[in-house]
Structure formats: structure tokens, C-alpha cells
Amino acid sequence: MADYQPVPDQIRGDILVVGGGISGMTTAIEAAEVGKHSILVEIKPSIGGRVISTNQYFPKLCPPTCGIEINLKRIRLNPFIRIITLAEVLQVSGSPGNYEVQIKLNPRYVNEKCTACGDCATVCEIERDNDLNYGLDKTKAIYLPHLMAYPMRYVIDPQFAKDERMKKCVEACQYKAIELDMQPRTITAKVGAIVWATGWKPYDATKIDNLGFGKYKNIITNVMMERISSQTGPTGGKIVRPSDGKEVKTIGFVQCAGSRDENHLPYCSAVCCLASMKQATYVRTQYPEADIHLFYIDVRSPGRLEDFYVKMQADQKFYFHRGKVAKITETANGNLMLEAENTLTGEVSKVEVDMAVLAVGMVPNTVDAKPPLETTLDPYGFIAGDSDKGVIGAGTAMLPCDVAVSVQQATGAALKAINIAGRR
Amino acid sequence: MDSKIGVYICKGCDIAKSVDVEKLINTAIKDGKVPLCKTHEVLCSHEGIELIKADIGGEGINRVVVAACSNRVFPELFDFGQDILTDRANIREYVVWSHKPNDDDTQMMAEDYIRMSIARMKSSEPAQPYTEETSKTIMVIGGGMTGLTSAKAAADAGYQVVLVEKESQLGGWATKFAKAFPKHAPYQELEDTGYKTLAQAVESHTNIKVHKSATIEKTSGQPGKFAVKLSTGAEFNVGAIVQATGWRPYPAEKLTHLGYGISPNIIANIDMEAMVSNGGIKKPSDGQSIDSIVFIQCAGSRDQEHLPYCSAVCCRVSLKQAKYVREKYPDAKIYIIYKDVRTPAQSELFYAHIQNDDAIFMTKGEIAGVSKASDGKILIDVKETLLGEDIKIKADMVVLATGMVPSTKVDEEPVATEEAPADGQPQDGVTADGKKEAAGAEKGAKILNLTYRQGTDLPTLKYGFPDSHFICFPYETRRTAIYAAGGVRAPMDLSAASDDAYGATLKAIQAVESVARGAAVHPRAGDMSFPELFLQRCTQCKRCTEECPFGALDEDEKGTPLPNPFRCRRCAICLGACPERIISFKNYNVNMISQMIKVIHIPDEFEEKPRILAFICENDALPSVDMAGLKRLQYNAMIRIIPLRCLGSMNIVWVGDALASGFDGVLLIGCKKGDDYQCHFVRGSELADTRMTNVRDKLKQLVLEEERVQIHELAISDYHKIPQIFDDFLATIEGVGPNPYKGM
């Protein structure tokens, strides 16, 4: 259940799950369905995490919101789960079986009376960059995070809460749901175990100088590609070049953009090969004649996912080039020249494309926000195994992985947490 | 208890601005004949909820109709406990947000939804859970790393565990592995598999009973009440099962194209592990040391002639084995010939570490031939290398990196026949698929030896793996309370298998707990309703027993269904299958939907107001109708929606009811079927499609046009297609003309 009443100052639970993406959601609901009280805290205004901004999953090419809806259905009526959004873990003390956690609740500026009718946004004059769409378009300063937001309630971007112009929204709301003077508060949760599922962020592509992201408009990242392919994205799902809105005749996918690279991310991000091949299907659906080029070091499609790779290879206009793209430059009309080097022979191949997609890798959010207690992280910021001293990791906080593996991990994390919580 | 219905109409969110609420009250009281109907400015407010609660307490209201927003919005607020049935008449998303305000058609739509909701409440009862005394013991089959981890995790959580292992010792493949992959930074050093410690912990655990040298002769019954008989004669009851029966290596004997058999010095990777564990690496032919060795990757894997899939671990296995060789022979030349090096996530660091060894030479290439040189060494011809030229390597030894075959696969079986859920259109609508599946299961390995009508084992997905088809739900299973874990589910390494064991065990624990309180497991988790069969009227047509995706119904000799309520997932596909209409749930049944159809007001043909009935799957398609509303997408007001648990629960009698009562057209909207099906109950959307054949026959009987009934697939993300689907269908119906049975 969501926070339909203000959260009390003191709460209790068997398990605290930090991060409301697909992994955290899974751990919390799986434990709740065993009858354990789970508290799920999410820093954003809605749970759902990065899968919400994903257009389709490989290999089934099905919408992620389908699984989210089932999970929401499970969550909505389960009395053993409490969802708290806009919440940050400040501090943790105690030991396995007995933790005390300080949680900061950031103001939503919209209270429990909101019915998501949207009258406030209609009158709102201020716009903000839409983080869901990686800044590719705008929302109003008061906005519904997405169509399947949970809780289904508007939120005000904190940087505009003090803006005079927001008063118009207050007046428009017939339910008295907007409170511009809402203050942050801190609550205490006593729990038996803590699962850390704070997920990942895309590697900052501007750090890869030679690939020209940020310099040339028609180079985008794979996460942006998900948005421009999505009905709820900035282009309503139409794949076009950012510079001039031109249709795409040739497109290049640049694998290992940062990953498997000592200067950036030395590990493999595990999902990018399949993600790019999946994105190639988005292009193919819209442009039956487009030339699709993919540059790779190794194509990594483990297990049954190999079938997806085999299927892609049957596409006559989908060209797989072995070689790492060493340089991207802009040519006439905003086109791009991709130069790839065969790592063994040193041979250079050049391909000109309308648009390039950098398959950037996964950086664990634990790099910036380290888990509390004596949790061991590996040199790349991933949570290194289970620790009796620290938190239990789940999903991409542990290793770069796809949704199926994240959910596998997260389901197991529920049992690990139950066993630790049982020690009290 | 007699039902007493209260109708509560919300005036917020543009409802009162768009429709005449007074008229809606009239509809509820005059047409619905409810004793009580109230309105509120904002029903979801504290005061609104209190208003309803007061009537439940004071007026004895036990059926609540909330005419407001979708039931996906704030259902927790309108949950008044198990004894109070609540239904939403969705007049926000379906009506006022998607239609012209203050319009006759919009008003009629809102009135109909209130009538339908009242009818629904009149013909349903609160679900009474079905409970019996059940066992919460977990049986784990397989004593490898997955099974050991599973057994210990369940036992640590306080559950009794029975572990069944076919060999005389525990540990599985880990007993044969010299070392495991690096698991800790800097991801360079091989690690102990850890099986000994784990096996000891399992054997000494007070909650675990271990049966070694034992296989399962028979598993009968249902979740919470499985009766198991072992080959050793032991008999016991368990509540749920984790199948961790693992894998076997793909037989190297089949890899003659890679030279297997021409020299004892060509071995499989699994033999290499044994060699390292038992005294070290030596040339098998003469026990001498080696100077050179070649690892051939994808030996059988990623090969349409052998295993079309990638076995996921072999690249790392060969890197690990190269390290064994290097440690024993500091000067030996080591070659690894691969298609792609697949070292996901942090294991890339291990690959980088091995690449730093200058005498380990790795190249992409295809093996053109393997032969024996005159000096007894082995010659490997490699073509299509990255160097752009063919190369020949002469080596003392060759290791074939063979892949993983699930223990659930029978060797001789051609791959195609195994793809039970993926075999496309069933030839004969109603029965073929079920029969085919039962036959398929009999051909598979007999491990569980279930006494289920639909086969002895878990249905396999592809290539013999009993894996889930759902990305978001990797433990989804078609045999309730039986979960596959580890190498049997998908190719994976020890570390992933151990994680997998925790996941599957959690699901097993969840199953025994749910069953004990009479609740369904995923995806209708917590549902307390269950199907009741009025068997006196059964004609033994066997449709229900064949169509149940979860094998919940067995049969007696005559073909009468034998229900197993604890296997049931409450999808109601059986209800849709039954031509005699004898299957019902307390809160979802044939009569309920028929009554909802009956109360919809059908204008007569002279009013030029056609009516379309849409049966929509509540899992994906219905939320997308909500989203269309949220986006204020507009569509015609001739449509009336009835949500179904699954499109597979559609009983064709309802289509007949709709046409008989004067509807001009019927739309069926459900999830995607086929290989990449999205149906949450696996076969529901496919079965609904199959039933269209019968629907067409019915239309012919009634001398009605085929176009009057259409079926659509819709994904949850397809909300933008809703107006077009509804409006195009209306155009089609207007083209065909009014239903001649209207007003009869």
C-alpha cells in the first residue's frame, strides 16, 4: 500500500528495501507475499525505476509496464507492504536483526488529497526538463511522473516550489491538495534486515571524448534511444534525428561505449549487446529499408538469448562489424563518420551514418550514494556479495544485469533478508 | 447473508461537470433497485470514505458500488474488508474523461456502467477461502550447489526440508570442479567451490532430512499436500518443491567434427576439471607433460546442429582452465579459439587478467578441421580468424568447451517437439494443444513423476529448459508450487545458481504459506476465490482438464474432472472452456457477466444508437483503456466494457447473450499470443482466439455477419491505439447495420 496517510514518525518492519525499481519492488512484494512486513523507500516521486523509461524488453519485445502493472496490482492491496516515495536513507545503526534507520521524507508539495485530475498542470506556466525523457522534452513544474505512477499523485519539482507562479496551481486545485510550504521531515524505521536495490545510471557519455557525444547532435545514447522509440517519449515514438527531425536511413550502434575499457568502465555492462539489437528492431519496424550497422568487440547474448542474435543476423540490412569504434566525426548535413579498428589486425573501417547510438554501460548508483554500515563494495562500486555486517544487495547494485537476472537476484534477496530479520 | 447494496457516486474529477448526477442516482434506485445511493464531492477523501464506512456499520451495507475512477486508482482506500464486496463503476476514465461532456450518449454510458456494477454486485458473493490442513515442508530435488543452497536457505527460514539426491553423495558437479570462477575483486583468483562446507551444513541441519541414492517414483496430490514416494521406499508429504536437478554436459561423442574420438588427447572441458582434481594435467595418451593446448569454444553450443543456444559458462570455464594449465606449465602455449568471448559483468576483469598472459593466444575463428599429425600431435585448422588468414595449430592436447544440457531433456528427442508453449496455433481448437502437451511431457525426462493429467513433469519452454517465459517473473511456473532453479532452468554458473536457489526457495515458501490460507499465488496473488464445479451437470467433454494452463484438473476414468484447488491460479480459463457453464467462482461466474450484459440499456434500432460490447482482459488491455482516459483520448460512446480475468475466461455464451440482447457488435481484447505471448496465464489469449471458431459457427447459426465479432491483441503500452480500435469497429458495425435481433 502507498502512503495515503502521512507516514508516522516511527515505523517498524521486518525488511527495509531501498530503491523502488524493478529489483526493489520485487524484493519488497515477494517478502510481503510470504507475510513479512516490508518497507520500500524510493527517492523519486514514484516507484518503477529505470524500467519505466524502457520501451520494450528483449527478447520478447514486450512492454515493461506490463510487469510493473502486475507488481502494482500485487502491491496495491497487500497489507504487508508500505511504499514511501521521495524518501532518502540518512543513517543506519544496529546490527543484523535489529536496525534503526533514519529516513528523510522530502516534500512532494502535493498531499494525499490529490486525485490526479491534472487541473493544476493545465494552469501551470512553468516548465521543467523531463528527467524521464533524459531532458529531451519538458513537463510542467507540477507533473505526474508517468502514466503508471505509484502513488498516482502529482508532484512539484522542488526548484519551483517557492516560485510565485505556482500559486495559480494552488487555486486551480479543487481538492486543496497543493501545499507549497510542505517541509521535509525525518522518520525512524526499526527493521530486521536491509536490502539495497538502488540500481544504476548510464555512464556519462561526455567522458568518452573520441565518440563525440555532446559535440554532435545526432549522437545519442542507448537510454535516449529507448525514449525516442517510446509512445510516451519526446517524439511520440517516432525515431528521427535530433538535429533536424529527419527520418533515419542509416544508423550506427556503437557497442562498449565506455564499457570493457580501462579508461572508463573495465567491466562488461552485460545488457548492451542485446539492448542495441533490440533497438535495431525499433528502427526496422519504422524503417524497413534502413541500413543498420552495429560495431562490437564480442556479441554477448548468453543462454536462450542467442536465439535473438540469430534472428537479427537474418536481417539482410543489419550489418555486424567486428571492431571497436575509435572515433566519430561529423560530416556534411550532420551525418557522422564512424571509424572502427579491428583490435587484432589494426585495420580501420569507416561507415557514414545519419545517426549514432552509443551503447553506454551501467554505473551502479552506489558509486555516489554508498550503502551504510560496513558494506563491501568492489572497485567499481558494486556491492560485493552478502555481508553479515552490511546490507544485502539486489539487482544492478550487485552486478550489471538485465531485468530477468535482476528479478532473480531480488527474489533471492527477499529470502536472505527474511533469514537475517529472523535473527532478532 | 442477504446482500444490501449501497451506490456511491463521486462528483469530483469532472464527473459532476460532465454528467447529470441526479439522473445517475435515479438509475441506481429505479433500475438498480438499490436501497441506498449517495453522492459525494470527493469520494476518495477522508470524509468520502467515512461516509461509506458509516453505512457499512449503520445501514448494514455489504455490497459497495463506487461510481468514480478506475479500480486501479486507490483500491486500498475502498477496501472495506473481506466480507464487503466492492466494485467500481468506472465513470471517470471510461466515461467523462474520454467523452463529450453533457451529451446524451455520455450520460447513457455512465448510467449503463452503474447498472452493470449493481448487476455484478447482485450476482457475486464474497470469496470464501478453501483451506485444508497442509504441509509446509519443502522438498528439494537435487543435492548439487543449487539444491544444497536451497535446502539450507529454507531450513534457516524455519521450514522442514526433504532433500532428495540421486547420487550417493552431495555436491553435484561442484564435487568434480577443481575451482570456481573468481567472485571477489580484483576478479583474478580462482576460488573454492565451497560445496564441502555447504554439504556439511545441510547434513547436520536439524530441519533437513537428506535422502541419498534416491529418485522420485511418484508425486501425487497438490501444493500443500504432495504425496511423494521415493525409489528407496520412503514416503512423505510436502507442500512445495524446488527442482534443482541440474544439467549434464553435451556429449562430446557427438562432436566428431571437432576431432573427438581420434585421439585420447582430445577431451571435454568437464574431463579437464576431473584431471586437475585428480593429480593434475597430463597428456591422457601417455601421462606426459604438455607444451601446447588448444581450447575450442562453443563445442556444440551456438550450433544449430547441436545446441542452438549459448551455454553461458564455457568461455569462463576455458579461461579458468587456461589458468590451471599456466599454473602447472609456465611455458606452455595456450590457444583459445572462440566465436565471441562472453564474460559478462565483472567476469570481464578475469578475461582481461588472462589476456595479460602473453603466451595465451586467443582468436576468433571457425574450426575447419581437427586431425592427428604423424607425430601423434593434433592439428587444428582454423579459418575466418580476425587476422584475415587461415591458421594451423599443432598441439599436444585439445579441450572441447562443451555446453550444458538440462536434466529435463531427453537426448534423442528432436528439439522442435519440445517447444510446447511455443508451438503456435493449435490445429484443433479446443483439444489439440492440451493433448500435444501431455504427450510432449511424457516424452521428457521423468524426474518428478507427477500424477497430473497433463504430464509427469514441468512443461519445458525451449531446448528442454523448464524456464519461465516471463522476463519480469523468472520463477513463474505452470505447475503451482514447483519451481525450477539452477542449471536445469537455464545455463548458469555456480554463483548464479546459488542466487537462483534463494529465489526459487522464496517462491516455494510463499507457495506453502499461500496455500495454507487458501490464497492464490502469482499472478493473482492473494486471491481467495476458487472454482466450484457443479459436476452433476458435467458431460465429460474434458475441455476444462485439457485447457487449464496449470494442470489443476485431473480426470477420473470417465473423464469427469477431479479438481485440485491448491493447484489453481484462478484465471478462470476453465470457466471460459465449459460449454455446460458448470464452473463458477463466488465473485466471477457465467451468470454474473450475463446479468451485466442484460442490464445494459439497448436503444431500439430507430434511435440510430448502435451498441458495442467489449470483453477486455483486465491484466494489460484494461489498464491501457485507463491510460487512454488519463491522456483524455476521445472515442465513441457506443462501447460498453466488461473486464475479464483473462480473455481465456471468456465463455462464448456471453457473446450469444450480447447478440441476443441486441448488441450490434462484440469486441474481444486480450494479450498477445504466439511465441512471444504476453498472456499472464500462458494460454488464455490463444484459447480465446481458438474459441473464435465456435463464435463464427454461432454467428452462422444466427445468420449474423462475421464482422460483428472481432478479436484484438493489445499491449499495455498501446493506450494510444484504443480510440482507433473502438472507432474503427464502430464504423465496421455501422457498415453492417443494426443487429436484426434488437428489441426482440
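Biologist: In which loop does Asp14(B) lie?

Modeller: This is a predicted model, in which local features need pLDDT of at least 70 and side-chain atom pairs count only at pLDDT 80 or more, while totals for chains, interfaces and linings use all residues. Residues are numbered from 1 along each chain as its sequence is written, and chains are lettered from A and ligands numbered from 1 in the order in which they are written. Asp14(B) has a positive phi of about 75° although it is not a glycine. With helices (H or I, at least four residues) and strands (E, at least two) taken as DSSP runs numbered from the N terminus, its place is the loop between strand S1 (5-10) and helix H1 (15-18) of chain B.

Biologist: Which element gives the largest share of the side of chain B that touches chain A?

Modeller: Two residues are in contact if their C-beta atoms, placed from the backbone, lie within 7 Å, and by that rule 68 residues of chain B are in contact with 66 residues of chain A. The elements of chain B that give two or more residues to this side are helix H6 (145-156), helix H10 (347-355), helix H12 (494-516) and helix H16 (621-630). The largest share, 10 residues, comes from H12(B).

Biologist: How many residues of that side of chain B are nonpolar, polar and charged?

Modeller: Ala, Val, Leu, Ile, Met, Phe, Trp, Tyr, Cys and Pro count as nonpolar, Asp, Glu, Lys and Arg as charged, and the others, Gly among them, as polar. Sorted in this way, the side of chain B that touches chain A has 38 nonpolar, 14 polar and 16 charged residues.

Biologist: What is the handedness of the crossing of H6(B) and H12(B)?

Modeller: Axes are lines fitted to C-alpha atoms, for helices over the stretch in contact, and angles run from 0 to 180 degrees between N-to-C directions; the axes of H6(B) and H12(B) come within 8 Å and cross at roughly 40°. Angles under 35 degrees count as roughly parallel, over 145 as roughly antiparallel, 65 to 115 as roughly perpendicular and the rest as oblique, and H6(B) and H12(B) are therefore oblique to each other. A crossing is left-handed if the near helix is turned anticlockwise from the far one by less than a right angle, and right-handed if clockwise. The crossing of H6(B) and H12(B) is right-handed.

Biologist: What is the handedness of the crossing of H6(B) and H7(B)?

Modeller: The axes of H6(B) and helix H7 (residues 195-203) of chain B come within 9 Å and cross at roughly 40°, which means that H6(B) is oblique to H7(B). Residues of H6(B) including Met145(B) and Leu148(B) meet residues of H7(B) including Tyr195(B) and Leu198(B). The crossing of H6(B) and H7(B) is left-handed.

Biologist: Which strands are the edge strands of the open sheet of five strands in chain A?

Modeller: Two strands pair if DSSP finds at least two bridges between them, and the five strands of this sheet follow the order S4-S3-S2-S12-S23 (chain A) with parallel pairing. Strand S3 (residues 38-41) of chain A, for instance, pairs with S4(A) over four bridges, where Leu40(A) has Ile83(A) as its bridge partner. The strands that pair on one side only are strand S4 (81-84) and strand S23 (392-393) of chain A.

Biologist: Which residue in S30(B) stands opposite Leu668(B)?

Modeller: Four strands of chain B form an open sheet in the order S28-S27-S29-S30, with parallel pairing. Within it, strand S29 (residues 665-670) of chain B pairs with S30(B) over five bridges. Opposite Leu668(B) stands Ile711(B).
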